[in-house]
Structures are given as C-alpha cells and as structure tokens.
Amino acid sequence: MIVSTLASGDTIELKVTPDPYVTVRYAGASGYFNPIHIDEEFAQRVGLPGRILHGLWTMAQVARAHTDAAGGPESLKRLSVQFRGMGRMGEEIVVSGTVREVANGIAVVDSQAEQAGSRLIRNGVAEIATG
Amino acid sequence: MAVKTDAIGKTYPAVSYAVGREKVREYAWAVGETNPLYVDLEAARAAGYADVVAPPMFAVVYAGRAVTPALFDPEVGINFANMLHAGQEFEWGPVVVAGDEISTTTTVRDISERGGMGFYELVTESRNERDEPVCTGIWRQIVRGA
C-alpha cells in the first residue's frame, strides 16, 4: 500500500467524459438496469431529456479521484455524497476536491462532481488514511 | 398521505455474494479504473493480495442486491415511480478481493416525512468469510409526494 501524503489545502481533480455506452456497461457490471439509464425512448417518455448516468457511476468517479490521489484502494476509508441533477453522456465531468484537514492519520477531503455548470454530486466528504 | 414508519428497525435475511475475478475486471472497466491491482492478477499478487482487488465502489455490487428486498417491501412502502437516490455513504474496512464471500444484511434505519416528501434510510453491513466488516453502506432515498 502506498501511503498518502495529502496535506491540508491540497487539491485533487479528475476529468472524465462519459461515452454514449457507459451506462450500458455500468448496468451490466453493477446490476442496475433501471431503463432511465439504458433506454432512450423510455427515458424521454418519463420526462427526462434522454438516458441519464447512474448516480453511483458518478460516485465511482469521485471515489477514483480519491484513490488515484491517495495511491490505491486501501487508502479510502469513507465516502459520503449527495446526488443532484442528471448526468449526461458526451459532456465532461470534473471531480474536484480539497483536503479540509489532516488529523490522527486521516485526511478529510471535501469534493463535488460538476458537468456543464451543474453539480451532479455535492457535499462529498471522504476520509483517506495517510498512514 | 403520511409515510408508514412501522418498518423502522426491520432487518432482512443476509444476502451472500461470491466475488468473481472477471466480475471485478468488468466492473473496473465500466467505471474507468485502470489501477493494475483491479485487473492484473500478477500485479495484485505482487502487492500481497490473494487475487485482484475490488475497487471500493464495487460495494454497490455485493451490497446493492441486499438493499433490493427492503426497497420492494410493501411494509416499507416506497413508491418507485417517485423515488430518487438522494445520497450514499460507504465506510470501508479490509479490501475485498476476488474469491471473497461477502454476506450483507440490510436494516431500515429511518423513515420520516418532511415537506410532503418521504425520507428512507437503509443501512447495509457487509462482512467477508472471515467475519471482518468490509463495508457499511447508508442508502438515502427520497420519495416525492409521499
């Protein structure tokens, strides 16, 4: 395990542009087959602009931003998020976070995920072991 | 219409999940994870793991299916057409690797109503075959027009 060297005030960032089939792959991989994510006509019929991203996929991008910055999966001890808005395919998502404090071997990171000016995830709070 | 709160405290039978190597790779690919620990058996073993490591958010796979019975329980009474996944929290213990057998129990922690919306909070506790707590999940759902 690589020990995180995150310090108070450090920032993390991850940019990802979901391709048109990411929700299909994620549905299969995760077992979440709600048709609003994989069926364009169904999504429009229930009033959505089209198929939308799984919130848990977007949360996985937030998690990945932290584990990439911290050096691996062992470091991420806790992640809490609120879902907002509707994530779309084809537009870049920016995950950003700032280390609020480091105490007792744990870095607390505040984060969010934004796409085209709208926040898909807000009030993200992560705890990362800093060894 | 008031939400039903009788199900608060209700716990559902444990759901077990066998973590497969190819499932971990498939999941890692779907979320864009490229860390070799998740996909490369040799790299995972060289780092001291018995098999490929599941990314932390793989918890949605082994714990998610344990949540379903509570979401569909008439006693909980969630109206799916108006349900939103409002929030999610995970707390992780030892990492999960392919070959692990994860057992997850779900409990209805809270049901409440504010401003015409129902708030449902479910908690999952997942343990591996050594009875170590690998993940606690808090699943927050909002139902409009409750």
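User: How many aromatic pairs does the structure hold over all chains, and what makes two rings a pair?

Analyst: The structure, a predicted model, holds seven aromatic pairs over all chains; rings of Phe, Tyr and Trp (its six-membered ring) pair if their centres lie within 6.5 Å, and planes under 30 degrees apart count as stacked, over 60 as edge-to-face and the rest as tilted. Local features need pLDDT of at least 70, and side-chain atom pairs count only at pLDDT 80 or more. Residues are numbered from 1 along each chain as its sequence is written, and side-chain values use heavy atoms.

User: Why is the pair of Tyr17(B) and Phe58(B) called edge-to-face?

Analyst: The ring centres of Tyr17(B) and Phe58(B) are 6.1 Å apart and the planes stand at 65 degrees, so the pair is edge-to-face.

User: What makes Phe58(B) count as buried?

Analyst: Buried means under 20% relative accessible area, exposed over 50%, partly exposed in between (1.4 Å probe, protein chains only); Phe58(B) has a relative accessible area of 0% and therefore counts as buried. Tyr27(B), at 0% relative accessibility, is buried by that definition too, and Tyr17(B) is also buried.

User: Which aromatic pair do Tyr27(B) and Phe58(B) form?

Analyst: Tyr27(B) and Phe58(B) form an edge-to-face pair, with 5.5 Å from centre to centre and 85 degrees between the planes.

User: Which residues do ring pairs link into a cluster?

Analyst: The cluster linked by ring pairs consists of Tyr26(A), Tyr17(B), Tyr27(B), Phe58(B) and Tyr62(B).

Definitions and conventions
Chains lettered and ligands numbered in written order.
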